[in-house]
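This report walks through selected features of the structure shown below, taking a helix, a nonpolar core and a sheet in turn.

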Amino acid sequence: MNYKEKIALLLAKETKFDKEQITLLLEVPPQGLGDFAFPCFILAKEIKENPVEIAKIISKELTSDFLEKVEAKGPYINFFISKGNLSSSTLSNIFEGKLINIKEKGKVMIEYSGPNTNKPLHLGHLRNNSLGMAYSNLMEAVGLKVIRANIINDRGIHICKSMLAYQKFANGKTPESEGKKSDHFVGDMYVLYNEKVKENPLLEKEAKELLKKWEENDKETIKLWEKMNKWALDGMKKTYKLFGSEFDEWFFESEFFKKKAGHKLVEEGLTKGVFQKEDNGAVAAILEPEIPNKIIMRGDGTALYATNDLGVTQYRFDKFGIDRCFWVVANEQDLYFKQLFSMFDKLGRKWAKDCHHISYGMVNLTSGKMKSREGTVVDADDIITQVKDIALVEIKKRYSDLDEKEIEKRALAIALSAIKFYLLKNAAKKEITFDPVESLSFEGETGPYLQYSFARAKSILRKANEEGKKYKRENFDLLTHDKEKELVIELGKFSSAVEKSFEQFSLHSIAHNLLGIAEKFNSFYHEVPVLKSDSKELLNARLSLVEATTIVIAKGLEILDIVAIEKM
RNA sequence: GACCCCGUAGCCUAGUGGAUAGGGCGACUGCCUUCUAAGCAGUAGGUCGUGCGUUCGAAUCGCACCGGGGUCGCCA
């Protein structure tokens, strides 16, 4: 039983409320006012007494060996855990591996990234990928079996535009001949098309014809499509590898399109009266009045993205035996996912309630929206390289004698942490305006700051070892310095931060908890000597605290998909 | 026109009913002979978009309005 529960039990004896209700009401008061606080307003309502008086009366009845004192302050009862006791329980939990309290069961699939094969990945994809990777890690951390899935949007008119530009204007150039990363080469074709179509609107018609040829399986067209898709995908896979994105399953829209995977569901819906055929043959899902209806098949009987998605989703639940499915997709699709899930609900799929849209805000530039068409995007490879170059300079400024390989390794780790943390530290639903000069820093609330704090802590442990200072994980009750207590309290909040992130589909709770831990640790580091502790016992306690800090930061960074480096 | 999201100091942001609204950037002041200064300590900076309401209590809930973004039957 933890202290919160112990206090709740004490209070339950004095009031009408049970332990569970009281546990929910107990809060952590502002600094210095105690370790836990119980607000008496609810009691005041119940027995119609002044909450200040109630606090006074009840606080006198409460005593226990683990409590140093109980204090009534205004309408609050503040509890002070005996010095050291809080540290003892928090550190013990950490060393016993009890970092996270929630436990989930089952197998889930999470779809993220979802690139189009007509252009390379950009900063928007990186936000998507960061969220997808981190949320996957988070789900694993709470006990779920996770299948990471990518859906490749490899067919459609936009793909044909790049193909057409290549056919007409590339003069046989290749990524090799141009010395260009293959997905960037394809992306250039897409931009080229959009330039040329301004001069010659007829190109639009040609692109449509190309799409028709593709749908008719025209040999030459398919050959070109395969060639360019391979270029696009090969290039993207390099970016994924660099960024750290991993996938267990790859779904290709084209395959489901050719299999007509959604058509069976359309039939089913029509039979069940969930879908209706319009006069011109188009099929609409009837979702009103709750949400707007959705057209799921064209008048000519060809498939839309939604048609495919119906098929893909059904396939996932059938083939993989998953209990839940998650989609990491930007908030412009909020309505679409409500419609998709509602369709499955109306079709009678009991797992419809286990479908979740992990929605997030778009990444914009100070100059406005990113537009691949016009080439006004922050390219994923470019931004990683740029940030890495800055990291290289910073490392070389500090160390002149490191070998190149180590420098490279650290620079990449630091660069990726700066980018990923920047993309995860705020609530997922909030928009991001990316300013290249100001956004990515290594100081303040950043990934590198966390890495740095971790490296400092590790450095103390390393030095202790070098100096032959063996320590035991004990004497936690000696951690009574303010800086130590504040750090312990912050470490103790990790579990609830994880819970919050899981519930809210956003990593920012974890991110902010880690910042809090790092801040308290650095403050402690500055003020309290560890290796020069006065006694053997104090050395045990402080080194244990430092070690516990590294354990929690490492776990948090692991969830955020950020590499914790030992030296920085 | 309808619906969804957002609005917290010059800028970015946490906090979604409770105790003096937490951080960071930028500005200014200090601190490297002591475990990594990518750090620490401190100062200045706030009509929590506006108004009305609910409540003992509102940044947080409701209504109206203003500002920004997004979406709305055959675009991915």
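## Helix 11

In this predicted model, the buried residues of helix 11 are Thr221, Trp225, Met228, Asn229, Trp231, Ala232, Leu233, Gly235, Met236, Thr239, Tyr240 and Phe243. In an α-helix there are 3.6 residues a turn, so residues three or four places apart point the same way.

Helix 11 covers residues 219-243, and its 25 residues reach 36 Å from the first C-alpha to the last, close to the 36 Å expected at 1.5 Å a residue. Gly244, whose phi is positive and near 100°, follows helix 11.

## The largest nonpolar core

The largest nonpolar core holds 149 residues, of which Leu131, Ile419 and Leu560 touch the most other members. Helix 17, made up of residues 404-424, gives the most to this core, contributing 12 residues.

When residues up to four places away in sequence are not counted, Leu560 touches Ala134, Lys420, Phe421, Leu424, Leu507, Ile510 and Ala511.

Three strands form an open sheet in the order 7-8-9, with antiparallel pairing. Strand 7 (275-277) and strand 9 (294-297) stand at the edges with a single partner strand each, so one side of each is left without a neighbour in the sheet. Neighbouring strands of this sheet are turned by 35° against each other on average, direction ignored.

Strand 8, residues 283-285, pairs with strand 9 in the antiparallel sense over three bridges, and Ala285 stands opposite Lys294 in strand 9. Helix 13 (residues 263-272) lies across strand 7, strand 8 and strand 9, and runs at about 90° to strand 7.

Note on methods
Residues are numbered from 1 along each chain as its sequence is written. Chains are lettered from A and ligands numbered from 1 in the order in which they are written. This is a predicted model: local features need pLDDT of at least 70, side-chain atom pairs count only at pLDDT 80 or more; totals for chains, interfaces and linings use all residues. Helices (H or I, at least four residues) and strands (E, at least two) are DSSP runs, numbered from the N terminus. The expected span of a helix is 1.5 Å times one less than its number of residues. A residue is buried if 20 or more other C-beta atoms lie within 10 Å of its own, exposed if 12 or fewer, and partly exposed in between; C-beta atoms are placed from the backbone. A nonpolar core is a set of buried Ala, Val, Leu, Ile, Met, Phe, Trp, Tyr and Cys residues joined through C-beta atoms within 7 Å. Two residues are in contact if their C-beta atoms, placed from the backbone, lie within 7 Å. Two strands pair if DSSP finds at least two bridges between them. Axes are lines fitted to C-alpha atoms, for helices over the stretch in contact, and angles run from 0 to 180 degrees between N-to-C directions.
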